[in-house]
Amino acid sequence: MKKTGILSVLILSVIVSSCSPSAKRLFSRGQERYEQEEFEYAKEDFKQALAKGGPRAESNYYIAEAYRKSNRIHDAESYYKDAIDAGIKDEEAYFYYAKAMTANGKYENAKEQYRKFLKIASNFDLIDRAKAEIENLKLLSDVTKKKTWYDIRNLEELNSEGADYAPVLFNNSLFFTSSRGSEKVYGGTGTGFTDIYEFIFDGVEKYSGQAKRLPKSINSENAHEACAVFSKDGRTMYLTRSNTGKKKEGSHDVNLYMSKMVKGEWSEPVMMKISDEEAWDSTPMLSADGKTLYFASNREGGMGGTDLYKATRDSTGDWGNVENLGAPFNTSGNEMFPFEYEDGTFYFSSDGHPTLGGLDVFVVTEDEEGELAVENMGSPLNSTYDDFGIFKTDSISGFYCSNRPDGKGDDDIYEFVDKSRVRIAIYSIDGTAFGTEDEIEEHILAGATIRLIDDNGDTLSVVKSDPEGKFELPVEPEKNYRIVADKPGEPAYLRKSFELSTKDETVAFEDLEPGDNEIKIPFSLTLMAKKKIKFVVDNIYYDYDKANIKPSAAKELDKIVAFLDDNRDITIELSSHTDERGDAEYNRKLSQRRADSAVAYIIKQGIESERITAMGYGKSQPLIVGAKTEEEHQKNRRTEVKITGILEDVEIDYKGESFNKSKPEDQIATEELIPEEEEESIGEIEEVEVEDPEKE
């Protein structure tokens, strides 16, 4: 023993001897239990000793260490602080104080504490670890900013109030480790001893079934059994057994075992030759092809803490050729719970790489040059607590474990889905409905009925706009649709059709951001109030002194046809206006010819002649009085539509069905009607001649 160590013991003896008899007794018993690694019981002894005037620095330090060594370092922070404030000399207190800060998400404070530790440290291993932790904390901002799309859920159907972890799906059963129902308490953590269970699904619901403890040949009464994994043929089980129940650092009897299926029964497990009896060997996992056995060990020759190792079959068929995986897998911290998915992707848990707190789950990636790198899988899969034991069931989902506080018990099993792998775009119309009474001022229109119709005329979905006028319609890429909207009731709004195509909205697969697969297409529509109003029809212009329908005008007249088709219960007046140039009577006749030409075109498309009247007003109603420019004159040469009547009792024939609007029962049915498909626009035609009825 070093002289400094002897001096520390002498000083501690003097301090303890000065305490009250009860505090001295409790402190001494706590030390004994601590040396026996009964951390749960030792912690309570030190707390009682502290309450009775026991040594403050030493009691707080022992309590903190007991929490840390029983995997509850989150609870240790305040005790490390009190120990340091009281003058504890052990430099490990300064190191693990920083570690506890990290576990509680106090990253900047942890960096500062590591720097304080380096000023007093003499333990070279801890110095190296502290430097590595500072570098990890510098990199942690990338982890906290990392965007992930994991959905996680506590597997409440399976978890218990005890510890549940190490899930493995095999032969349609979920095997896992649990301390549930244990009558014997392990003094290291205050929880029960663990056994291996099989959850047998009954098929009623996704996770309904029964958890069954494996037979006594596997689960012994006075030891931990954990982390079972099976050969492909199901005839060999590999597991971890600890004869003393110690499952964390400091124990030297945690070893790898193997059991064989013989005549339908599991044989008594035997220790594997690759297990080091002087080391902590645990968390076995087979490779995807079953030819490699990965595990964690703190055996001599490692990189620090527990490292990941692999073993392969030797010439005799036994497992051998043990090899440390080295960098970038292993660090001076702890690496464990390896898992290799069927595509070769490798996962594991570590507290030596940049983590959010305790153990985090990592994935090994490969860059373009073939260099391996280790990547933290980010939040919410990882947390400031221990997150470990991942087992993927398919390419995007699986199970893993965590002792985060919102769980059902100690360690809990969670299921996860990685939505970043679901990169199929989901398209929808992000719509807003407006209403207007004069074609100028618009307002939000709630309660409008919006129908989505495909190329075949089939209604795909019907929705109503919400109080803010918003509505959403699911669509597909590379499709043409028609949106038909109206609003019955009081006040009622005219029905209107809108063409919509998603062909220009399609996003290529390679352009999708992982997880950002919702493509919303903005769309707005405006409905006019159903009353006797008039509105200007845009772009129906005539050449000077002509009544012929121009191609551009024909396209606009098709919209009037669709408008009348959609609203079968209205009559209109179509009026034509000239500019102010020329004789008034001549212009009146010219405008009448123009109106007649437009009406003739509309009637030719199938609109009943009694629903439309042609009126020519000549130059008597100019929009721009005293127009001077050609542009102003053209605006005066306009066409207007005025609703002249709303039919209260009209038979509407729609796809072979008749509805009488005067009947209340048909009024309801009429609201669900989809109008006939409007005729396609004739587009850019070379010539459209409509005979002028008054042409000489």
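This report walks through a predicted model of one protein chain, from its overall make-up to a few individual residues.

**The chain as a whole**

Let's start with the big picture. The chain has 696 residues, and 51% of them count as buried. Its elements are twelve helices and 37 strands. If you look at contacts between residues at least 6 apart in sequence, 55% of them join residues at least 24 apart.

**How confident is the prediction?**

The mean pLDDT of the chain is 84, with 85% of the residues reaching 70 or more. Over residues 1–11, the pLDDT is below 50, and this stretch has one contact in the model beyond near neighbours in sequence. Among the elements, strand β17 (residues 335–340) has the highest mean pLDDT, at 98, while helix α12 (residues 664–671) has the lowest, at 34. Residues 245–251 also stay under 50, yet for them the model has 22 contacts beyond four places in sequence.

**A pair of packed helices**

Two packed helices are described by the angle between their axes and the distance between the axes. Here, helix α3 (residues 39–51) packs with helix α4 (residues 56–69) at an angle of about 155°, and their axes are 9 Å apart. Angles over 145 degrees count as roughly antiparallel, so α3 is roughly antiparallel to α4. Their crossing is left-handed. On the α3 side, the residues making the contact include F39, F46 and L50; on the α4 side they include Y62, I63 and A66.

**Some residues to look up**

Find H224 in strand β8 (residues 224–230). Is H224 buried or exposed? Buried means under 20% relative accessible area, so H224, at 5% relative accessibility, counts as buried. Its side chain reaches the backbone nitrogen of T194 at 2.9 Å.

T283 is not a glycine, but it has a positive phi of about 45°. T283 lies in strand β13 (residues 281–286) and counts as buried, at 2% relative accessibility. N321 is not a glycine either, and its phi is positive at about 50°. You will find N321 in strand β16.

| Peptide bond | Form | Omega |
|---|---|---|
| A327 to P328 | cis | near 5° |
| E490 to P491 | cis | near -5° |

Where in the chain is P328? P328 is in the loop between β16 (319–324) and β17. As for P491, its place is in the loop between β29 (480–487) and β30 (493–501).

Definitions and conventions:
Residues numbered from 1 in each chain as written. Predicted model: local features only at pLDDT ≥ 70, side-chain atom pairs only at ≥ 80, totals over all residues. Heavy atoms only, no water. pLDDT = per-residue confidence, 0-100. Helix = DSSP H or I, 4+ residues; strand = E, 2+ residues; numbered from the N terminus. Contact = heavy atoms within 4.5 Å. Buried < 20%, exposed > 50% of the residue type's maximum accessible area, 1.4 Å probe, protein only. Polar contact = N/O pair within 3.5 Å; in protein donor to acceptor, adjacent residues only side chain to side chain. Axes fitted to C-alpha atoms, helices over the stretch in contact; angles between N-to-C directions. Parallel < 35°, antiparallel > 145°, perpendicular 65-115°, else oblique. Left-handed = near helix turned anticlockwise from the far one by under 90°.
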